Amino acid sequence: MTQPRVAPSLSTIAFVALTSLAASLLLSACKPANKNAQTTAAVPTPTQPAPAAPAPTTQSPAQDAQSSPSAQPLIICFGDSLTAGFGTDLGQSYPDHLQHLLDADGYHYHVVNAGISGNTTKDGLDRVQLVIDRHPKIVVVEFGGNDGLRGLPIDQTQANLSSILSQLQASGAEVVLAGITLPPSYGPDYIKKFDAMYPALAKQYHIHFLPFLLKDVYGVPGDMQEDATHATAQGNQQVARNVEALLKPLLKK
C-alpha cells in the first residue's frame with residue numbers, strides 16, 4: 001500500500017532558502033568587489049624622497065623690519081571724514097597717498113587711517129586711547145570741522161583738542177596738528193575765533209602745525225567734491241603732499 005506524499009512544511013522551505021542565501025553570500029565575499037579595487041591593491045605605492053630642508057635666510061633683522069608693515073613704526077592719521085577719505089574710492093584717502101609718497105621717498109613707516117566720518121572733537125577724545133594703545137611713532141591730528149559746522153562752542157572744541165594732544169604727547173608719540181576752516185556763511189567773528197584755535201594749540205604743545213589741511217586743494221578744479229567740503233581722490237594726493245612736508249622734520253630713513 002503506497003504511502004501518501006506529504007507536502008514540505010513552510011519551516012522546511014524557509015530553512016532551504018536561508019541555506020541557499022548564506023551560501024551565495026559566502027561565495028560573493030570571497031570575490032573582489034571590482035577590478036579597480038583589486039588592481040589598486042596590487043600596485044605598490046612608490047616611496048617619495050623626503051623634502052629638502054628650507055635654505056636658511058640671509059635677510060638681516062633690519063631688512064625684515066623694513067619689509068614687514070607690522071614691524072615698521074606707525075604713523076596714525078587721526079581725524080574725521082577729511083582723513084577717512086569720505087566720498088572717494090577705497091585706497092584714495094590722503095593717508096593712502098601718504099603711504100605711497102613715503103615709500104617712494106625711502107621712508108620705512110606704516111601709515112594707518114584712523115579717520116571716521118562725522119566725528120567731532122568729543123568723538124576723537126573718546127577714541128584717543130585706542131590710538132595710544134597702538135603705540136604710534138607719529139600721530140597726525142585733524143579734528144574740528146564737524147564742531148564748527150554744527151556751531152558748537154569753540155571753547156569746548158579747543159578743550160577737547162587740547163586733551164587729545166596732551167594725552168598723545170604723554171604716551172610718547174610725536175604729534176602734528178592739521179587745521180581746517182569754515183565756509184564764509186558762518187560769519188567772520190565765529191570763523192576768526194575758530195581759525196585762531198589751531199595756532200594757539202600748536203604753540204601751547206610745541207608741535208608742528210599745518211594751518212589748512214586743504215592748502216592748494218580748496219578751490220582747485222577737480223580737487224574738491226561737489227559738496228565743496230571734501231577733497232576728491234585727486235585732491236587727496238595734494239593733501240598727502242601737504243602732510244608729508246609737515247612730517248619730514250620728524251622722519252628718519
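T232 is buried, with a relative accessible area of 16%, which puts this residue under the 20% cut-off. The model is predicted.

**T232 and its surroundings**
- T232 sits in the loop between β5 and α10 (233-247).
- Neighbours within four places in sequence aside, T232 is in contact with T88, G222, D223, M224 and Q225.

**Helix α9**
- Helix α9 takes in residues 188-205, 18 residues in total.
- Which residues of α9 are buried? They are Y190, I191, F194, M197, Y198, L201, A202 and Y205.
- The cover over these buried residues includes α7 (145-149) and α8 (154-170).
- Strands β4 (174-178) and β5 (208-210) are also among the covering elements.
- H206 follows α9 and has a positive phi, near 55°.

**Salt bridges**
- Side chains of opposite charge can pair when their charged atoms come close.
- How many salt bridges does the structure hold? There are 2.
- One joins the side chains of D126 and K122, at 3.0 Å from N to O.
- Both D126 and K122 belong to helix α6 (residues 121-132). They are 4 residues apart, about one turn of the helix.
- K122 counts as partly exposed because its relative accessibility is 43%, between the 20% and 50% cut-offs.
- Another salt bridge joins the side chains of K215 and D216, with an N to O distance of 3.0 Å.
- K215 has a relative accessible area of 43%, so this residue is partly exposed.
- D216 is likewise partly exposed, with a relative accessible area of 46%.

**Cavity**
- Rolling a probe the size of a water molecule over the atoms shows where empty space is left.
- The structure holds 1 cavity of 30 Å³ or more.
- The volume of the largest cavity is about 30 Å³.

Methods
Residues numbered from 1 in each chain as written. Predicted model: local features only at pLDDT ≥ 70, side-chain atom pairs only at ≥ 80, totals over all residues. Heavy atoms only, no water. Helix = DSSP H or I, 4+ residues; strand = E, 2+ residues; numbered from the N terminus. Expected span 1.5 Å × (residues − 1). Buried < 20%, exposed > 50% of the residue type's maximum accessible area, 1.4 Å probe, protein only. Contact = heavy atoms within 4.5 Å. Salt bridge = Lys/Arg side-chain N within 4 Å of Asp/Glu carboxyl O. 1 Å grid on protein atoms, 1.4 Å probe; cavity = no way out; pocket = protein on both sides within 12 Å on 5 of 7 lines; lining within 4 Å. Points joined across faces, edges and corners; volume = space filled by probe spheres on them.
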